[in-house]
Amino acid sequence: MVLDFVTPTPLGNSWGLGGTCVNVGCIPKKLMHQAALLGQALQDSRKYGWQFTEEVKHNWMTMTESVQNYIGSLNWGYRVALREKNVTYENAYGEFVGPHTVKATNKRGVEKLYTAERFLIATGERPRYLDIPGDKEYCISSDDLFSLPYCPGKTLVVGASYVALECAGFLAGLGLDVTVMVRSILLRGFDQDIANKIGEYMEEHGINFIREFVPIKVEQIEEGTPGRLRVTAKSTKGNQIIEGEYNTVLLAIGRDACTRKIGLDKVGVKINEKTGKIPVNDEEQTNVPYIYAVGDILQDKLELTPVAIQAGRLLVQRLYGGATSKCDYVNVPTTVFTPLEYGACGYSEEAAVEKFGEENIEVYHSNFWPLEWTVPSRDNNKCYAKIICNIQDNERVIGFHVLGPNAGEVTQGFAAAIKCGITKEQLDNTIGIHPVCAEVSSAIQILCFSSSII
């Protein structure tokens with residue numbers, strides 16, 4: 001049986017079967033990022049000989065309707081797949097009420113009790129709010145953005161996570177006036193050399209950044225779709241107060257694990273009281289032997305959809321198929337779909353220095369210019385690749401980072417190579433495909449003696 005229930009957002013939005021990634025995460029994000037890339041391609045196309053004189057503008061409603069139609073097809077596909085596999089699906093909120101027992105409450109408030117031999121918790125996370133006047137009344141989150149029934153207009157994005165920068169990037173790419181309010185650093189946990197390059201690129205392409213400020217109040221000046229909001233913010237370094245007016249305020253300041261209201265205390269499952277995350281062993285088993293957990297709710301694990309899928313698949317194979325393979329949480333590739341895409345696998349430079357010592361790592365780096373960008377003469381020397389090697393282990397590659405178009409496609413292949421223990425010498429001996437962006441990885445010879453030297 002699958003129990004799946006979406007608690008509506010403060011603005012009343014909910015969605016279908018498939019979780020965050022399908023409905024309000026990776027899928028709509030990538031499609032809207034693609035919409036922004038198409039806008040850039042239209043500009044480039046003139047230099048390639050394409051001629052068009054009519055006004056080119058973007059229609060928000062056409063885009064959101066197309067995106068939501070595709071998501072709806074995925075929702076239906078999952079329901080069909082569950083039925084074909086004889087899995088009972090209940091659109092109901094599940095919470096433990098006793099040993100081996102859950103209560104399921106549907107949207108009409110009807111309750112049912114179910115018992116099972118084993119349970120798998122995969123409740124994920126939901127966006128965090130600021131707990132300031134006006135945040136839940138007037139602000140939106142990524143749970144609202146992708147089905148927003150009107151163009152958001154002039155937008156303030158609060159946060160510096162990948163969600164904040166991705167959303168700010170595609171909104172600006174669609175022609176909107178976008179400002180990002182940053183409390184401290186960009187992309188915490190990612191390579192900071194790359195993070196700063198992303199910030200510089202976004203600023204150069206018209207996105208405003210307000211650094212070291214946090215909102216303390218949001219007020220509605222005018223109702224509408226969109227209306228007008230006044231945001232009051234305070235400096236994190238002093239007492240300076242600033243105000244600004246926007247049509248939409250998007251909060252992307254982090255996410256909280258959905259574990260505190262599902263009755264875990266009733267069955268004795270331990271959670272990290274500060275974060276709500278669930279500690280598990282290397283087989284995704286909680287401290288209660290018959291209860292398992294996967295995904296973003298796990299303590300000290302990666303918050304990535306493919307990781308949750310892999311962990312769940314291997315767990316089921318171990319429990320019911322006699323398999324023994326466990327999920328490998330090391331060297332997992334990921335991509336941040338900012339306007340200049342960022343693909344990464346392995347250690348950041350900061351983490352590598354902390355783990356192995358600065359004297360034991362070698363960093364190679366290079367800027368590059370995609371061939372496709374040369375004809376329209378844009379963004380020369382903005383794309384960047386960095387390879388981090390462990391000197392003590394035959395210069396084995398322990399970190400791969402690339403900033404450029406199709407970064408995810410490039411990184412996926414290198415992730416397999418890193419899993420196999422590729423060394424810098426082997427990388428150098430790999431002949432590049434010419435002319436593509438990925439060939440930069442087999443030609444990097446520039447040593448980076450300090451992350452401040454570019």
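This is a predicted model: local features need pLDDT of at least 70, side-chain atom pairs count only at pLDDT 80 or more; totals for chains, interfaces and linings use all residues.

Residues are numbered from 1 along each chain as its sequence is written, and side-chain values use heavy atoms, with hydrogens and water left out.

Let's begin inside. A nonpolar core here is a set of buried Ala, Val, Leu, Ile, Met, Phe, Trp, Tyr and Cys residues joined through side-chain atoms within 4.5 Å. Buried means under 20% relative accessible area, exposed means over 50%, and partly exposed is in between (1.4 Å probe, protein chains only). The largest such core has 68 residues, and those with the most contacts inside it are Leu145, Leu165, Phe170, Val180, Ile198 and Phe209. Helix H6 (residues 162-173) supplies the largest share of this core, seven residues. Helices (H or I, at least four residues) and strands (E, at least two) are DSSP runs, numbered from the N terminus. There is also a second, separate core of 27 residues, which includes Val102, Tyr290, Ala311 and Val332.

Setting aside neighbours within four places in sequence, Val180 is in contact (heavy atoms within 4.5 Å) with Val157, Gly159, Leu165, Ala168, Ile207, Asn208, Phe209 and Ile210.

Now look at H6 itself. H6 has 12 residues and reaches 16 Å from its first C-alpha to its last, close to the 16 Å expected at 1.5 Å a residue; the expected span is 1.5 Å times one less than the number of residues. Nine of the 12 residues of H6 are buried, so this helix is largely enclosed by the rest of the structure. The buried ones are Val163, Ala164, Leu165, Glu166, Cys167, Ala168, Gly169, Phe170 and Leu171. After H6 comes Gly175, with a positive phi near 100°.

One partner of H6 is helix H2 (residues 26-45). The 20 residues of H2 should span 28 Å at 1.5 Å a residue, and its end C-alpha atoms are 28 Å apart, which agrees. Buried in H2 are Pro28, Lys29, Met32, His33, Ala35, Ala36, Asp44 and Ser45. What do they pack against? The buried residues of H2 pack against helix H1 (19-24), helix H3 (60-84) and H6.

Take the H6 side of that packing. H2 and H6 pack at an angle of about 35°, with their axes 8 Å apart. Axes are lines fitted to C-alpha atoms, for helices over the stretch in contact, and angles run from 0 to 180 degrees between N-to-C directions. The crossing is left-handed, as the near helix is turned anticlockwise from the far one by less than a right angle (clockwise would be right-handed). Lys29, Met32, His33 and Ala36 of H2 meet Glu166, Phe170 and Gly173 of H6. By class, that contact has three nonpolar, two polar and two charged residues. Ala, Val, Leu, Ile, Met, Phe, Trp, Tyr, Cys and Pro count as nonpolar, Asp, Glu, Lys and Arg as charged, and the others, Gly among them, as polar.

H3 is another story. H2 and H3 pack at an angle of about 145°, with their axes 10 Å apart, and the crossing is right-handed. Ile27, Pro28, Leu31, Met32 and Ala35 of H2 make the contact with Met63, Thr64, Val67, Tyr70, Ile71 and Leu74 of H3. Here the residues divide into 10 nonpolar, one polar and no charged.

Finally, the backbone spots. Most residues other than glycine have a negative phi, and most peptide bonds are trans. Asn86, in the loop between H3 and strand S2 (89-90), has a positive phi of about 60° although it is not a glycine. Is Asn86 buried or exposed? At 71% relative accessibility, Asn86 counts as exposed. Leu187 has a positive phi near 50° and lies in the loop between strand S9 (178-182) and helix H7 (192-204); at 1% relative accessibility, Leu187 counts as buried. As for cis peptide bonds, look from Thr225 to Pro226 and from His434 to Pro435.
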